[in-house]
Every structure is written in C-alpha cells, then in structure tokens.
Amino acid sequence: MCTCTDLGHDDVRRLIKAKDLKTIPAVMQELEWKTSCGCAKCRPALNYYLIATWPGEYEDDGQSRFINERVHANIQKDGTYSVVPRMWGGMTSSDELRAIADVVDKFRIPAVKVTGGQRIDMLGVKKEDLPAVWADLNAAGMVSGAAYAKGLRTVKTCVGSDWCRFGTQDSTGLGVRIEKLMWGSWTPAKVKMAVSGCPRNCAEATCKDVGVICVDSGYDIKFAGAAGLDIKGTEDLCHVDTEDEAVEVIAALVQLYREQGRYLERIYKWAKRVGMDSIKATIVDDPDKRQHYYERFIYSQTFAQVDPWEERANGKDAHEFAAMAEFGVPAAAE
Ligand code: SF4
C-alpha cells in the first residue's frame, strides 16, 4: 500500500473486516503501521475502505482527504476554486440557469464553462466565497456535482425517445434515475456513466466506466471503458429487457467495484485485475448475488446522500473557508 505498512490493499481491506476495525488509528495500531499517523497514500485509502466497509458507522475523516474532496470544489492553478452543481442526466431549466447567472454576477466569477459531462462549471471562485455560493445554488434546488470526488460524477445522456427520431428508449429518464439513485456514493476512483438512446451513441456511452446503449429490445449494459490517460472501449456486461433490471445490474456492479476495487483503481483497471468472467459470474449469472450487492449499495446510500455543500453553507468546517489574515506593512512610527 505504501511504506507505512508491508500489507497490500487487499490484506488491509480483509483485516479491517475480520478484526472489526472501525477507525484509522485502530487500523494503524492493530495492523502495526510503521509510522504514527500514516501518509498521503495510506490515509485517503484507509478512509475510503472504512467508509465502504462500515456504512453508517464510520465517520468520514476530512483530514484524510485530498484538498478537492476536503473543500468540495476543485482547486485551480491560481488558488481559486471551480464549482459544478449537479445537473441530473445533463438536464437543466431556466430557473437553474437564472440562479447560476445570478451567482456568477453576485460573486464576480470570471469564467463559466460547459463541461464534457453536460454540466456548468463556474471557475475562479474565491475559497472564502464558496459557502455563500453554495447557499445560493442550494436555494435554487441544486446540490454538489461532486466534480472533485472519487465517487459518482456524471451520468451523461442523449435526448432519447422523448425527442429523437431514432430513440428506442427514454435514455434521459434512465440517466436521471441512475444519477438520483447513485449520487453521493464514494467509490475507489471516479465513476462516469452515460446512457445513449440508440446505437448511434450520441452520449458516448462506450468509453465510460459504465455505459448503457438502449435498443428496441431493451438495454445493452457495458462497462470498463476509459477516455483519459488511457483510451479503451467498454466491454459487454449483459443485455436486460427492462429499466428496473438495468438499474439493479448497474448498482450491483458498482457495489462489487466498491468492495473489491483498490483505492484510485478505475473500473477498467479493477476489471482487468479480477477478470471479466468473475464479474459476470457474480452480477449476471447469479441473480441472488446480484440482488445481494444491489441491496448493499442501497443500504450504503441511505447514509451517503447528504449534500456536502448544504452542510458547509450551514457552517460545517467553517475554518476551512475562513479568509487568510491580510498582513499589511505597519505604518511608520511618527
Ligand atoms: S444516440 Fe440515438 S437516440 Fe440518442 S440522440 Fe443519438 S441518434 Fe438520437
């Protein structure tokens, strides 16, 4: 895992469960960490493993997170932050756009950008303005888009059967449903999804961590794609007939990844390590196991779906956002 321990990620995860370890200090003491407080590699990993293993019991340790996850925004090269509210399935409204425009004017935000995940990014926000910016966005019904998180990012969609002549299913509705079910979940690394309404694939679902291609007979579910440092098309997971089945398969798949993935390991790397066959055997071939993972995901979500922006707009971690003191040159003595 790192030089603080001779144990690997899988051993640490197994022992956290076997020895009923529920805090970072307990893990370090019981597993004989060689350093007193761990390091920047093991602390975020342990924090994730404890969250994933003990939903509702382990209290997230913000100090064991990287800066972006600690302040719920992405730090930029000039020290300001970018703010991305969630837009479910890439859908927005005049009210949301008006609220975003008002926030941009009020806080003199210098840049506004449409992202590749079908959302709006406000760039150049001062750290001390973040809670007030979030309060205004919350008031318009928007929550954090978790654009900084090792967790669910976006579910990109095309317009599907509602609008498109080629649409076979309601791809937008399915994307919104998946995003509303899965937002707030922590995962070993970021998770990006997409749903396309037909094989023309306008939502680019075949390069995502999880992608759905809607077809006349139902839904082709794909996973383990990449379009970043590595480029890789998705693998076929399975075909299902109904939206309900698609949702169950996707949530179960993500839960399996949450339980087996090593911290910072994207889905395509996890799938390569454990093997496609083992994933399909659990999620596709064995309905009982699939149901088991699905239920574990749903249980975990009952503790995960808390908007971090709302918490901080209401004063949580206020010290993180306090303005730095300004040191002027003292006036010369008369
Ligand atoms: S993927 Fe198919 S249904 Fe969706 S917008 Fe493109 S052509 Fe239309």
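Me: How many other C-beta atoms lie within 10 Å of D317, and is D317 buried, exposed or partly exposed?

Reply: The model is predicted. A residue is buried with 20 or more such neighbours and exposed with 12 or fewer. D317 has 14 other C-beta atoms within 10 Å, so it is partly exposed. Its place is the loop between α13 (308-313) and α14 (318-321).

Me: What is the phi of D317?

Reply: Most residues other than glycine have a negative phi. D317 is not a glycine, yet its phi is positive, near 55°.

Me: Which loop holds D20, and what is its phi?

Reply: D20 sits in the loop that runs between α1 (9-18) and α2 (24-30). Its phi is positive, about 60°, and D20 is not a glycine. Because D20 has 11 C-beta neighbours inside 10 Å, it counts as exposed.

Me: What should helix α5 span, and how far apart are its end C-alpha atoms?

Reply: Count 1.5 Å a residue. Just after α5 comes R108, with a positive phi of about 50°.

Me: In what order do the strands of the sheet lie?

Reply: Strands of a sheet pair through backbone hydrogen bonds, either parallel or antiparallel. Here 4 strands make an open sheet, in the order β1-β2-β4-β3, with antiparallel pairing. β1 (74-75) and β3 (111-114) are the edge strands; each has a single partner strand, so one side of each has no neighbour in the sheet.

Me: How many bridges join β1 to β2?

Reply: There are 2 bridges between β1 and β2 (residues 81-83), and these strands run antiparallel. N74 has S82 in β2 as its bridge partner.

Me: Which residues come nearest to the ligand?

Reply: Of the 13 residues around the ligand, those that come nearest are C158, C164, G197, C198 and C202. The shell is made up of 6 nonpolar, 6 polar and 1 charged residues.

Note on methods:
Residues are numbered from 1 along each chain as its sequence is written. This is a predicted model: local features need pLDDT of at least 70, side-chain atom pairs count only at pLDDT 80 or more; totals for chains, interfaces and linings use all residues. A residue is near a molecule or strand if its C-beta atom, placed from the backbone, lies within 6 Å of it. Ala, Val, Leu, Ile, Met, Phe, Trp, Tyr, Cys and Pro count as nonpolar, Asp, Glu, Lys and Arg as charged, and the others, Gly among them, as polar. Two strands pair if DSSP finds at least two bridges between them. The expected span of a helix is 1.5 Å times one less than its number of residues.
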